[in-house]
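Here are my notes, for reading alongside the structure. They are in numbered points and can be taken in any order.

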Amino acid sequence: MEKYGLYLGCNIPFKAPDIEQSFRKVFPALGIEVTDLPGAGCCPAWGTAPSFDLTTWCAVSGRNITIAEDLDVPIMTGCNSCFGVLSEAKHFIEADASRKKAVNEKLGLINRQFKGTSDIYHISHVLYEKVGLDKIKESLKYDLSGLKVAVQPGCHILWPSDVYHVKEKNSFFPTQLKELVEALGASAPHYSRLEACCGMGGMRSTDVEKSLELFKTKLLSIKEEIDPDCIVTTCSSCFLQFDMSQKTLKERGEIDFEIPVFYYTQLLALAMGFDPANVAALCVTPRDAIIAEIQSEARKVREQEPLMTLAPSIDR
Amino acid sequence: MPAIVLDSDKIQDSVKRIMEYGGTGVLKCVQCGACSAVCPGVKAGFPVLCRLLIKKLLEGQFEELVEETSTWGCQACNRCTEVCPQGVRPQEVVFAYRRYQASELAFSSSATTSQMNLYGTGHAVFTEAGPLREKVGLPAKAPTSAYDEKAQKEIQTLLDNSPMGELGLF
Amino acid sequence: MAKVGVYVCHCGSNIAGVIDVEAVRAFAEGLPDVAVARKDLFMCSDSGQEMIKQDIRDGLVDKVVVAACTPRTHEPIFRGALSAGGLNKYLFEMANIRDQDSWVHAQDPEGATRKAKLLVASAVGKAARLRPLEEKYVDVTKAALVIGGGVAGIFSALELAKMGFKTYLVEKEPSIGGVMAMLDKTFPTNDCSACILTPVMVEAGNHPNIELLTYSEVEDVEGYIGNFNVKVRRKQAYVDWARCTGCGACAEKCPSKTPDEFNMGLSNRKAAYIHFPQAVPKKAVVDMAHCKSCGGREIGTEPKISEKTGKPLLAPCEKACPADAINRTLQWDPAGEIKEIKVGTIVVATGFQVMDKGWFKEMAPDNKNVITALQMERLISATGPTGGKLLRPSDNEKPHTLTFVSCVGSRDEKHHTYCSRVCCMYMIKQARLIKEKYPDVNIYMHFIDVRSPGKDYDEYYTGARKMGINILRGKVGGLEVLPGDNLRVLAYDLDACAPVEYESDLVILATAMELPPTAKKLAQTLGLQFCGSNFFKELHPKLGPVETSTEGIFLAGCCQGPKDIPDTVSQAKGAAAAAAVPLCQGRVKIEPIISEVHTEKCSGCGICVPLCPYNAISLKPYAEKPRAIIDITQCKGCGVCTAACPSAAIVLHGYEEDQIFAQIAALTA
């Protein structure tokens, strides 16, 4: 069984632990062993060390990476920002011998050393490249046919593509998340602002109004062009923005609709039959109705093996 | 708008400093504007990002921009880097400038909280999430630095021995 | 004892600005064998040369060293001075104290002066031992080959033909005409491209001195200036061109369709087709890769006989041909045929290709309404897929908003760093033509900056602004695909310092010009070099713009670098003039700096034979034993054989052993 170190970051364990739970449910069921990275901290977020000092950024990221190196596992993370920050830091360290030396001097203070033996993946890379669409299809207990999904891959999984070793065929017109959604039976039509930024992150902390305006432009493109049943993302920051900010806009009377939002592995876990109380329990934008629809009797896949053989209990 | 007084010493100083902070591609810029055409920050109303920031730096306006808030609207999405025809990597220039601004403590108070969180718990974003975690069937304490004193010490050591430590934020 | 004259040049401040010229002169004066040492501001000036000539006439010197710039440009000048003074011109040696000294050591004048002294000493050491050499001549074949039948090749061929030389014009497509034949109109005059090109194509086709070899490619070239042996492969057309009248009946009846290259894939052509309506020669070809062999009419088989009529069942193309030019029963050789020709000089005019839109991922390359500018030419051309009506590819509807994007693949380190030179102007041309015909169409043009250096070009550009065409400075960052195959343009207005967003119906990409990948093979065949931009490299960027490093081979048109039609025609005529020079002279000089075998010393071991990169050496019987012999017309004087010969039987004239050892001794003293 392939084994990955699960890098949690900040948002997922503290704001959306049901996403964390969805990782812990779906990956073992799909044949991927997930191990914790004890003591891992912040990646560090763009607004922290990366905005203060390049070497400090690389050292803090490097510390996280060495935890995986010590366990001899590659890293997988569910947060686009973490993926971007860790990948870029690794690139900076490896591209410049003097920086590597400086970083290892810093890490030496805490008895660590960056070796570069652990690659960094996004959970959607592991699902798309390592698990594969066929295996995902085989694992489904519910068929999502007829469901229309707007996909939101997010930015940091796409660019700068020269730093990432899993690449989209065209980073401006990404298809991996679309294919992952289609593997569940749902459709994922194109909308024009597919690769546009959701406005979360540093922009939101700097000026929430500007962030909301950018978000609204994107949301309206989704609503007006494809009017989906739900929005699915593989970025925890995008998830939070879509989940929180629709409510704000609705309360202000700027929009008159709300579209349920899922992290991809939440939707996958639901389609695999896991309990929504574990894997999709926390949200601001209501999604009870669509969860009930997803796990309805009519959608049950016939001749399916009992769930337990697919998903051995990993209760901790 | 007052005229920009061009001063070659100031220009050279500006280029040298931005490169030292990590904006190494700044001199490759031909001011085509492709970066700003796709920048979500520019679109959202943070005009002094990407090409305009680079232009101002190339005209020697290094210290003049210290209070500019546009740079903090950068999402680090790197779409600029992906479209840049000259390999400038504009996002790295923006972050290099932020590092100068940070060294002058020219950032918002909300950003201070993130730094203190990072120093205290190892997480820039941290809230006590025990009940939420238990609700979805997870242990109350996540296996991260938040509940690991040794990990926190390590992160604090790294931060103490950095230019961030010298700013007196912690 | 030799009487060497040393002449040190200041080259203005090029040399004297770094090197202490007087110190070098004084040093030279003290060297053995040196009779006089002088200096001058410019040794290449008349007065400088006169100084050398006078010293020769006065009997002061019998060998000459000039310490100056590079022999690449100046050796012929000084050799000329020796001849004029009455000395064998090969008794001359140059010390390059500029390119290889003052220019590269500008920050170290003392070191540069030291190095100049060493270089001069080395040159003196060699010069003192030089021996006179005699030039030989060989006759040339008074015919020329032009490779590539675009506007450059056509004009080169016509010029050579008009001077009276037999000229072969080889073109890989069925017709000559090249890219210019695909263009609608031409800037800045809006002349119809076909209208001005067709008469020239016809003239080339009818000229008694021009032999058109279309649907053909150069396969192999051997020989040297004056006497090239060329193998040309004529691809199999499966049509007897001697009979074909170009009526097009075969194409009409052919049921098999494939994207039409002439229309840049915007429409289909048949497997049996005529290249384009004004083709020269106007002959049909059957493209066997797309032929369905209707009715089982495989090439080289007897037709089935109809049970009803008792007549043979023929394929539609052969049945339709009124001239009996298509006979599928014949054993056509799929490899075509090889034609061998002999020529004295060659003009390479193989042109360019435009980059495919697929390279530009941010530009929605999968969308049908994103097209290249060359596709746009076909879209507005009367002979194009829409008959000249402006209709967009996705739905054949008239677009109301058009976007032109410049610098797509040009000025981009991910693709090509150079400027393609013509895009700004042809985009303005396309915009103007559309605006003239459809004033209601909105046109937005995005440039990093507008480049219009040419006669009447800038007026053409400012005229576009006056017509209401919207011109924005700033590179387009990307396109987003909207429902209905419309596109959202993500641009930036450099002047307003603001991002720009709008919906467009049709986006035209000015993709970069580049050499096609087939150019690599031709370069190997001809010994051509590539420049930094990956076009064919000319001999000198300023002074040798049509010559190449291979004597007798010349360049014309966009294979040497992007250029517009006026520049292409100028270069084509220039290349023809240069290619005609050896043909006019009737003989070419053989450089005496080549190798020679001392047959008595040769052991006949044959080591040198396979080592020679020019196939100049063979073993021939001498006193009934095999001995190496060098063909003086093939030898380029590289010296490989001289170095390899175990018997020291081969001498390279001008680089003899005692000369080289004297140089080494001087440099290591």
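1. How many residues does the contact take from chain A and from chain C? Chain A brings 10 residues to it, and chain C brings 11 residues. Keep in mind throughout that this is a predicted model.

2. Area of the A–C contact. About 870 Å² is buried between chain A and chain C. Carbon and sulfur atoms give 50% of that area. On the chain A side, F173(A), S192(A) and R193(A) stand out: they supply 48% of the area that chain A buries against chain C, more than any other three residues.

3. The side chain of R193(A) meets that of E501(C) in a salt bridge, at 2.9 Å from N to O. R193(A) is also one of the three residues named above for buried area. Five residue pairs are in polar contact between chain A and chain C, both residues being at pLDDT 80 or more. The side of chain A that touches chain C has three nonpolar, three polar and four charged residues.

4. Area of the A–B contact. Here 69 residues of chain A are in contact with 64 residues of chain B. The two chains bury about 5200 Å² between them. Carbon and sulfur atoms account for 63% of this.

5. Five salt bridges are counted. D162(A) and R89(B) meet through their side chains in a salt bridge of 2.7 Å, N to O. Several elements give two or more residues to the side of chain A that touches chain B, among them α1 (11-15), α2 (17-29), α4 (80-95) and α10 (208-225) of chain A. The most comes from α3(A), with six residues. By class, this side of chain A divides into 36 nonpolar, 18 polar and 15 charged residues.

6. Chain C overall. Chain C has 669 residues, and 55% of them count as buried. Its secondary structure comes to 18 helices and 34 strands. The C-alpha atoms fill a box of roughly 95 × 75 × 40 Å along the principal axes. Take the contacts in chain C between residues at least 6 apart in sequence: 69% of these join residues at least 24 apart.

7. E538(C) deserves a look. Where does E538(C) lie? It is in the loop between α14 (519-526) and β29 (553-555) of chain C. E538(C) is buried, yet has no salt bridge. The nearest side chain of opposite charge belongs to K563(C), 7.4 Å away. The side chain of E538(C) does make a polar contact of 2.9 Å with the side chain of Q560(C). Leaving out residues up to four places away in sequence, E538(C) touches G544(C), P545(C), E547(C), L555(C) and Q560(C).

8. F242(A), buried or exposed? F242(A) counts as buried because its relative accessible area is 0%. The residue sits in helix α11 (residues 236-251) of chain A. Beyond its neighbours within four places in sequence, F242(A) is in contact with residues including F215(A), L219(A), I222(A), I231(A) and V261(A). C198(A) is another of these contacts. F242(A) and C198(A) are 44 residues apart in sequence, but 7.7 Å apart in space, C-alpha to C-alpha.

Conventions:
Residues numbered from 1 in each chain as written. Chains lettered and ligands numbered in written order. Predicted model: local features only at pLDDT ≥ 70, side-chain atom pairs only at ≥ 80, totals over all residues. Heavy atoms only, no water. Helix = DSSP H or I, 4+ residues; strand = E, 2+ residues; numbered from the N terminus. Buried < 20%, exposed > 50% of the residue type's maximum accessible area, 1.4 Å probe, protein only. Lys, Arg positive; Asp, Glu negative; His and termini not counted. Salt bridge = Lys/Arg side-chain N within 4 Å of Asp/Glu carboxyl O. Polar contact = N/O pair within 3.5 Å; in protein donor to acceptor, adjacent residues only side chain to side chain. Contact = heavy atoms within 4.5 Å. Buried area = accessible area lost by both parts, 1.4 Å probe. Nonpolar A, V, L, I, M, F, W, Y, C, P; charged D, E, K, R; others polar.
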